[in-house]
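Please look over the sequence and the structure shown here before reading on. The text below goes through the chains and then their contact.

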Amino acid sequence: MTRNDSLEQALAAGSGDLAHAAADAAARFAELAAAKGEAEVTYAQVDSPFGTTSVAATGSGVVAVGLPNRALDDFLDELAATVSPRIVEAPGALDEVRRELDQYFNGRREAFELKLDWQLVPGGFYRKVLRATARLPFGVTATYGEIAGKAGNPRAHRAAGTALGSNPLPIVVPCHRIVRSGGDPGNYGGGPDLKRRLLVLEGALSES
Amino acid sequence: MAAVAHHEPFQTFLNAHSAAVLGFLRGIVGPADADDCFQETFMAAMRAYESLDGANPRSWVMAIARNKAIDHHRARARRPLPKAELPERAAPTEDRPDPELWGAVAGLPDKQRTAVALRFAADLRFREIGQTMGISEAAARRNVHEGLRKLRESVKMEVT
């Protein structure tokens, strides 16, 4: 009995570093799959003064940004369902994206030079609203009515609000720059407090 | 890509099975070659991710790992080594907890070796071992027990 147990225990005693070695091997696999284009979506997490932000890209560009209030699992599950389940964590493949976000969050970058993948934005008016939003410069705000006008329909401020509320690319498509006509920042997917802090970061709102 | 939309993100799958796959491969091809087989296993799994479709993910990925290990053994058999470099046994090294014991495992018949590695190095249940190897749960159990019996014999022989 003890003899049987000891044989089975000796077989089951994985080398002590198995968990670490497996994590290393998995990380190497993820970067390799990204570099070879076998992974259809890559993602990474970026620390910021506002919390941890997630960012995902396809071969065409950045496809989604998850603000700090978004759980990583939700973010990935939605990408798996809407873009592709071939998703790996490959910070190396997202080096430039991570650098630009980090610079922005720390007040050292005003404009992004990233390619964007618009596949998660429905066509038509929604896309026009978000494209117009993407052209708003750092520190400049517009009202919902104004952005609706830039998108070709000044009366559609409500639809513009809906389009902005479903923005899959917050920060890089700066929907936080769209505010209420009374001057109140208004709603934000990442929470009204984050919207306020981003506007303060950009000097569009004074700290209060 | 709609056909695979119900699958979990590949990273989640990778995290869930990487230790079991690496543990199994270390047992079956040795630590030196386990990493290459690991990379090939998950690359094949990613390409074939649709075909997971409802199967037990652990058994599914282990079956791929087993095929990669078989490919590896075949490639090694085809590649003649200079006599001086021929290893006495299948590459036991200090990375493995008990090189002598796993050297003995390497000497088992294929099915028993695979079943023992799946049971102990990858911690699979008999049902999953059966699914991985395409045999019944009872046959998986028999292969593990027969493998253990032979190991006990060979360990005893080495002691005396």
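This is a predicted model: local features need pLDDT of at least 70, side-chain atom pairs count only at pLDDT 80 or more; totals for chains, interfaces and linings use all residues.

Chain A contains eight helices and six strands. Starting at the N terminus, its elements come in the order α-α-β-β-β-α-β-α-α-β-α-α-β-α. The radius of gyration of chain A is 22 Å, whereas the globule rule gives 17 Å for 208 residues; the value is well over the rule, so chain A is more spread out than a compact globule. Along the principal axes, the C-alpha atoms of chain A occupy a box of roughly 80 × 40 × 30 Å. Of the 208 residues in chain A, 39% are buried. When contacts between residues at least 6 apart in sequence are taken in chain A, 58% of them link residues at least 24 apart.

Chain B has seven helices and zero strands, and its pattern along the sequence is α-α-α-α-α-α-α. Buried residues account for 42% of the 160 residues in chain B. For contacts in chain B between residues at least 6 apart in sequence, the share that joins residues at least 24 apart is 65%.

Within chain B, one helix pair can be followed in detail. Helix α1(B) packs against α3(B), residues 57–78, at an angle of about 35 degrees, and the two axes are 10 Å apart. The crossing of α1(B) past α3(B) is right-handed. Which residues of α1(B) and α3(B) meet? From α1(B) come F13(B), H17(B), A20(B), V21(B), F24(B), L25(B), I28(B) and V29(B), and from α3(B) come P57(B), R58(B), V61(B), M62(B), A65(B), A69(B) and H72(B). By class, the residues of this contact between α1(B) and α3(B) are twelve nonpolar, two polar and one charged.

The last topic is the contact between the chains. In total, 32 residues of chain A are in contact with 34 residues of chain B. On the chain B side, at least two residues each are supplied by α1 (10–29), α2 (31–47), α5 (110–121) and α7 (137–159). Which helix gives the largest share of the side of chain B that touches chain A? That helix is α1(B), with eight residues. Sorted by class, the side of chain B that touches chain A consists of 21 nonpolar, six polar and seven charged residues.

Notes. Residues are numbered from 1 along each chain as its sequence is written. Chains are lettered from A and ligands numbered from 1 in the order in which they are written. Two residues are in contact if their C-beta atoms, placed from the backbone, lie within 7 Å. Helices (H or I, at least four residues) and strands (E, at least two) are DSSP runs, numbered from the N terminus. Ala, Val, Leu, Ile, Met, Phe, Trp, Tyr, Cys and Pro count as nonpolar, Asp, Glu, Lys and Arg as charged, and the others, Gly among them, as polar. Axes are lines fitted to C-alpha atoms, for helices over the stretch in contact, and angles run from 0 to 180 degrees between N-to-C directions. A crossing is left-handed if the near helix is turned anticlockwise from the far one by less than a right angle, and right-handed if clockwise. A residue is buried if 20 or more other C-beta atoms lie within 10 Å of its own, exposed if 12 or fewer, and partly exposed in between; C-beta atoms are placed from the backbone. The radius of gyration is taken over C-alpha atoms; the globule rule is 2.2 Å times the number of residues to the power 0.38.
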